[in-house]
Every structure is written in C-alpha cells, then in structure tokens.
Amino acid sequence: MAARGRHRRPKPRRVSRAQLAFTAGGAGVALPLIGVGQANAASVDTWDKVAECESGNNWSINTGNGYYGGLQFSQSTWEGYGGGSYAPRADLATKGEQITVAEKVLAGQGPTAWPVCSVKAGLTRGGPAPDVSTGSGGSTAQTPKATPKATPKAAPKAAPKATTKAVPQSGSYTVAGGDTLSRIAGAEHVDGGWEALYDANRRTIGDDPHLILPGQQLSLDTKGGQKQAPRATPKPSTDAGKASSSGSAQRRQDSAARSSSSFTTPVASTQVGTAYGVSGSSWSSGHHTGADFPVPAGTQVRAVGPAEVVAAGWGGSYGYQVVLRHSDGMYSQYAHMSALSVQVGQSVKGGQQIGSSGSTGNSTGPHLHFEVRTGPDYGSDVNPLSYLRSKGVSV
C-alpha cells in the first residue's frame, strides 16, 4: 500500500478528556501559563542544540510553512504560552525571549513538545535555569535570574565542552533520521570534518557520502579511519562494475520518465500515493498541496528541470527540503528528504540528483513530497503532475 505523508498540521495529543496538549510545532487550545522554575529548566547550551536540530540554529527563520523561530513554534503555541507579550511571532523575538517561552512549553509539555530534536539535544526537565534575558520586566522579575547566573556559568559550562571534544576520537555514533555527515561532524567535533568522517566509514556508508541511513553505526575515530584509506583504493573498479551492470537499467528508468525536453519526474518511479488536492484536516490549507511518491528512504531525488536552488535545508514540518526556481518563474519543492546534495545559489540541470528521499519532518513514512508553486511560499501551489505534463513528461 502506498505511503501517505502528512504535513504541517499534526493532530494534538490527548492528555486528558478535558485538556489538549500544546506542542512547539502543533496547534492546540490556550492553556494557563505555567511558571517556569529550576525543576523544568534547560541550559542555553541545550536549547542551542534543539534549535540546531529544528532550524539549523537560525533564531529568526520564517520559511512560510507556519512554524517560526529557532525552536519552530506554531503561532498558536507562541501565543498560548505568552510569546505575544514579546513579539507577534517567534521569529520576530530575540533568542532569549524564545527560550523563555520554550521553558514554559517544557514545563507544561515536557521534552515531547520537540519529539525528535529533544532526544538528539538531550533536552530533559530538571536542568539548570537558562542564562537569558528578555529585556522586559521590572527588577523583581530579574532578581530570580541573578542567582542561577553566577553558579552554573563558572563551572558546568566549561566542563561539558571539554568532555564532548574528547569522546569522538574513540566513540561511535548511530545515524538518526535527518542526519547528514556535515551535521554529525559538527555536533561531535570530529577532527577533519565530514570528509574525514566519510573516509573513516566508507565501507559502512558506501560510494555516496550524501546518503546515510538511520541505524548505521559510524566510527568517530577519524585517525583510525585514515589508516583504512588504502582499502578504498580498489573501489573505482568496483564502482565501475556496478555502474556498468546497473547503468543500463538506470538509463531505461530515466528514459521512461524523461521527455524529449530537459524535464523529468522527481524520482524514477511514477507511482503516486497521496495525490494533489486530496482534502482533509491533516493539512493546514485543507488539502494536500503536492503529490507524494512512495519510495524507500535513500532513493535518488532529482531536479525535474533546469533551475536555481533557492532553499536547501531544514523546512520545519517539511523536514529536509530543496526548493528550485525554474526559468519559467515556477518553483518546485522536494520534501522529507534524508540527505541533500545541493546548496543555495547552485544551478542544476533536469535529472540531476539534488538529494535522497527519507521521512524527515512531519511524515508518516518514507516518501518524497513534491510540490510545484507559482511563488516560493506555501499556499501558491498548483497541480504538480499537470505542470510536468505541460513540459512533456509522461506521468
């Protein structure tokens, strides 16, 4: 059965018969604000890690998908937990103000308000109070913050950083959904960056450094990995054999999907799961704004036509995404990917690989969510299959 993706508006979880839970990334009902204290706090370091996972640590991000700021607050969550007293939206507030609101969400919801990124960042209740200032409130509001500032800042902040840098040299890492070698190398302070990490794990990852799969065990010992480098020498002949044996099959798939023009389908498969325009409350627009191609994680995703990359990175509920601007003024979007192989400003050709499919963001299973828009922002969607057919693509 074809996988059906879900986007942007996850249904709220039930906490009790009379109360719905608020999450940082979902809609809910207004709840009374809960006082944030030491028992429900998290350090700024931890919030930085959550933001790195949610938005690439961009505290003023607004991609137009309904989620705002470094911690990807929905508008209802931001207002329900008092964010409106700082700014109309989270992306317009300071980092300190966003963390202050996040502390209230953590107190009321717990770490599951950020179900994936809280695990990656180690977000829990009961951490040290964050050292932030919202720039508002009288002296009585600032006084409680003064006490925790002095104690944690001197000792704990220096100690963890020394520890995390020492561990990777002999440790290992289990790949999670949405990871990239670059992100892992940065988070784990790997000597030599992602290139050294790839060299140390070629036999596990394979020939494509942009394709890593959840569950893979990667060695963080880059010095040991460099000793294994000679083993990679025979790979060109192996790769050549693979290319010759599978090249004809790939060409057949490509020719079936390509037209006489430079346009093609976003994946080799032409099977569609959830079609464009399907109505339902699962989508904030009231209908499915794209077409879903149910393909396994790691499937090659390619540009449907010549274009310029205008977005490449984390897109909130879209997970890892790429957005392209075509010469006819239309935009195409590729969402829920597990890895990206292009960057903003890059020019791509029709059929060129731009990443690999996955199930990142608000998704119920591996698939590629593909949209075509008249503009770069959410809400300007058109039928993506009709667009491809207008370019001569058989789909």
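**Close-up views of a predicted model**

View 1. Q321 sits in strand β8. Helices (H or I, at least four residues) and strands (E, at least two) are DSSP runs, numbered from the N terminus. This is a predicted model, in which local features need pLDDT of at least 70 and side-chain atom pairs count only at pLDDT 80 or more, while totals for chains, interfaces and linings use all residues. Residues are numbered from 1 along each chain as its sequence is written, and side-chain values use heavy atoms, with hydrogens and water left out. Q321 has a relative accessible area of 8% and is buried. Buried means under 20% relative accessible area, exposed over 50%, and partly exposed in between (1.4 Å probe, protein chains only). Leaving aside residues up to four places away in sequence, Q321 touches A311, A312, G313, G315, Q333, Y334, A335, M337 and L340. Contact means heavy atoms within 4.5 Å.

**View 2. The aromatic pair Y334 and F370.** Six aromatic pairs turn up in a search of the whole structure. One of them joins Y334 and F370: the centres are 5.4 Å apart, the planes stand at 45 degrees, and the pair is tilted. Y334 belongs to strand β9 (residues 331-337) and F370 to strand β13 (residues 368-373), so the pair ties together parts that are 36 residues apart in sequence. Rings of Phe, Tyr and Trp (its six-membered ring) pair if their centres lie within 6.5 Å; planes under 30 degrees apart count as stacked, over 60 as edge-to-face and the rest as tilted. Y334 and F370 are both buried. Together with F293, they form one aromatic cluster.

View 3. Side chains of opposite charge can pair when their charged atoms come close. Seven salt bridges are found in a search of the whole structure. A salt bridge is a side-chain nitrogen of Lys or Arg within 4 Å of a carboxyl oxygen of Asp or Glu. R373 and E371 meet in one, at 3.0 Å from N to O. Both residues, R373 and E371, are buried.

**View 4. The salt bridge K391 to D328.** The closest N and O atoms of K391 and D328 lie 3.0 Å apart in this salt bridge. The pair links distant parts of the chain, 63 residues apart: K391 is in the segment after α12 (384-390), and D328 is in the loop between β8 (320-326) and β9. K391 is partly exposed, with a relative accessible area of 25%. D328 is also partly exposed, at 36%.

**View 5. The salt bridge D48 to K95.** D48 and K95 form a salt bridge whose closest N and O atoms are 2.8 Å apart. Here too, distant parts of the chain are linked: D48 is in helix α1 (residues 44-55), K95 is in helix α3 (residues 95-109), and the two are 47 residues apart. D48 is buried, with a relative accessible area of 18%. K95 is partly exposed, at 32%.

**View 6. The contact of α1 with α3.** Two packed helices are described by the angle between their axes and the distance between the axes. The axes of α1 and α3 come within 11 Å and cross at roughly 95 degrees. Axes are lines fitted to C-alpha atoms, for helices over the stretch in contact, and angles run from 0 to 180 degrees between N-to-C directions. The two helices, α1 and α3, are therefore roughly perpendicular to each other. Angles under 35 degrees count as roughly parallel, over 145 as roughly antiparallel, 65 to 115 as roughly perpendicular and the rest as oblique. From α1, residues V44, W47 and D48 meet K95, I99, A102, E103 and L106 of α3. By class, this contact has five nonpolar, no polar and three charged residues. Ala, Val, Leu, Ile, Met, Phe, Trp, Tyr, Cys and Pro count as nonpolar, Asp, Glu, Lys and Arg as charged, and the others, Gly among them, as polar.

View 7. Most residues other than glycine have a negative phi. N57 is not a glycine, yet has a positive phi of about 65 degrees. N57 lies in the loop between α1 and β1 (67-68). N57 is partly exposed, at 33% relative accessibility. H189, also not a glycine, has a positive phi of about 55 degrees. H189 is in the loop between α7 (181-187) and α8 (193-200). H189 counts as partly exposed, at 33% relative accessibility.

**View 8. The whole chain.** The chain has twelve helices and 14 strands. Of its 395 residues, 44% are buried. Among contacts with a separation of 6 or more, 63% involve residues 24 or more positions apart.
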